[in-house]
Amino acid sequence: MTPDRFARQRVLPELGEEGQRRLGEGTALVAGCGALGTHGAELLLRAGLARLVLVDRDLVEETNLHRVALFTPGDLGRPKALAAADALRRIAPAAEVVPHVAHLGPELAEELVRGVDVVLDGLDNLETRYVLNDVCVKEGVPWVYTAVLGTSGMTMPILPGRGPCLRCLFPDPPPPGAIPTCAEAGILGPVPAALAALAAASAIAILAGSPDLVPGRLLHLDLWRGRAEATDVLRAPGCPACGERRFDFLAPAPSAAALCGDAVQVLPRTRGALDLAALGRRLAPLGTVRLRSGVLVAELEGVELTVFPDGRALVKGVSSPDQAQALYDRYVAR
Ligand SMILES: [Zn+2]
């Protein structure tokens, strides 16, 4: 350890020598390398974390640059996990940084979560958050839930066995298309930076074994209007995940599969009718949208997305099922 790098943290009574020592032995997983993930990863590594595992399936895009940490215009088109890892190694050469360019499905999530002390949520979709919650509750690994949209966001530390989990707070994900995505609703740059800082503080408290952390304290922040609210979420007695230990989101995922020709079919994980007219109105500003014969056809980012009322979609013009799944998650499944 560099002698003086962590001096200002060691003098904090909340951390001290012991807390800093634990941080220096800790491993964290940052799930998603967008704005939340890059800010959170940088804060954890600067705090003295020993090992950081990163996972993200996307490439750095121009539209990310207003809100992320770590990336520069020279990173455009590179896998986010690799670009983030390069920048993080320059910041903390003594730490081990392990990037994965992959979709965080149930199988990979179980593999990655098993080896870490805490998980930071930097995800851009709800489906994967429920997968992550199931895995963390199952394995007893703490994670910090964080979500941002528009000018506000919320975060809550989840300590399995000691407090509520994501499904105690929101028992089920909303139906596909019910919540707008960042692409539709927009996102104020400082919002993920602020929420990632709160989440990183929770993760540092978890890694240091601090007794001060309150499991299940949900902080909600609106940066534009200067509003902050804290709510103590209780464990739900009938929670399927942390109560009944039924891990619905770890079932083999009905997800993206290549069909004949150049189409990929993506199936929704949650059953329920989709309001195609509402989805069409949300997508209209982003591309060309037609509703015909009860099916919505949208042309976005050079691909054609055909969405059926049951939430199923056919994606044409993509190079892989993973890319189709990413587009589906971005525009339909949030
Ligand atoms: Zn629960």
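**Zinc site and aromatic contacts**

At 30% relative accessibility, Phe170 counts as partly exposed. The model is predicted. Phe170 belongs to a cluster with Trp143 and Tyr145, linked by ring pairs. Elsewhere, four cysteines supply the protein donors of a zinc ion.

**Aromatic pairs**

- Three aromatic pairs turn up in a search of the whole structure.
- One of them joins Tyr130 and Phe249 in a tilted arrangement, 5.0 Å centre to centre with 40 degrees between the planes.
- This pair links distant parts of the chain, 119 residues apart. Tyr130 sits in helix 6 (residues 126-139). Phe249 sits in the loop between strand 8 (227-232) and strand 9 (256-258).
- Tyr130 counts as buried because its relative accessibility is 1%. Phe249, at 7%, also counts as buried.
- Tyr145 and Phe170 pair edge-to-face, 6.5 Å centre to centre and with 70 degrees between the planes.
- Tyr145 lies in strand 5 (residues 143-149) and Phe170 in the loop between helix 7 (166-169) and helix 8 (182-185), so the pair ties together parts 25 residues apart in sequence.
- Tyr145 has 3% relative accessibility and therefore counts as buried.

**Zinc site**

- The donor atoms are SG of Cys165, Cys168, Cys239 and Cys242, lying 2.3 Å from the zinc ion.
- Along the chain, the donors follow the spacing C-x2-C-x70-C-x2-C.
- The arrangement is tetrahedral because the four donor atoms subtend angles of 93 to 125 degrees around the zinc ion.
- Ideal angles for four tetrahedral donors are 109.5 degrees.
- Cys239 and Cys242 are buried.

**Charge over a ring**

- Arg312 lies over the face of Phe308, 4.0 Å from the ring centre.

Terms used:
Residues are numbered from 1 along each chain as its sequence is written. This is a predicted model: local features need pLDDT of at least 70, side-chain atom pairs count only at pLDDT 80 or more; totals for chains, interfaces and linings use all residues. Side-chain values use heavy atoms; hydrogens and water are left out. Donors are N, O and S atoms within 2.8 Å of the metal (3.2 Å for Na, K and Ca); water is not among the atoms, so sites may look incomplete. Four donors count as tetrahedral if all angles lie between 85 and 135 degrees; four count as square planar and six as octahedral if opposite donors are over 155 degrees apart and all others between 65 and 115; anything else is irregular. Buried means under 20% relative accessible area, exposed over 50%, partly exposed in between (1.4 Å probe, protein chains only). Rings of Phe, Tyr and Trp (its six-membered ring) pair if their centres lie within 6.5 Å; planes under 30 degrees apart count as stacked, over 60 as edge-to-face and the rest as tilted. Helices (H or I, at least four residues) and strands (E, at least two) are DSSP runs, numbered from the N terminus. A charge sits over a ring if NZ of Lys or CZ of Arg is within 6 Å of the ring centre and within 35 degrees of the ring normal.
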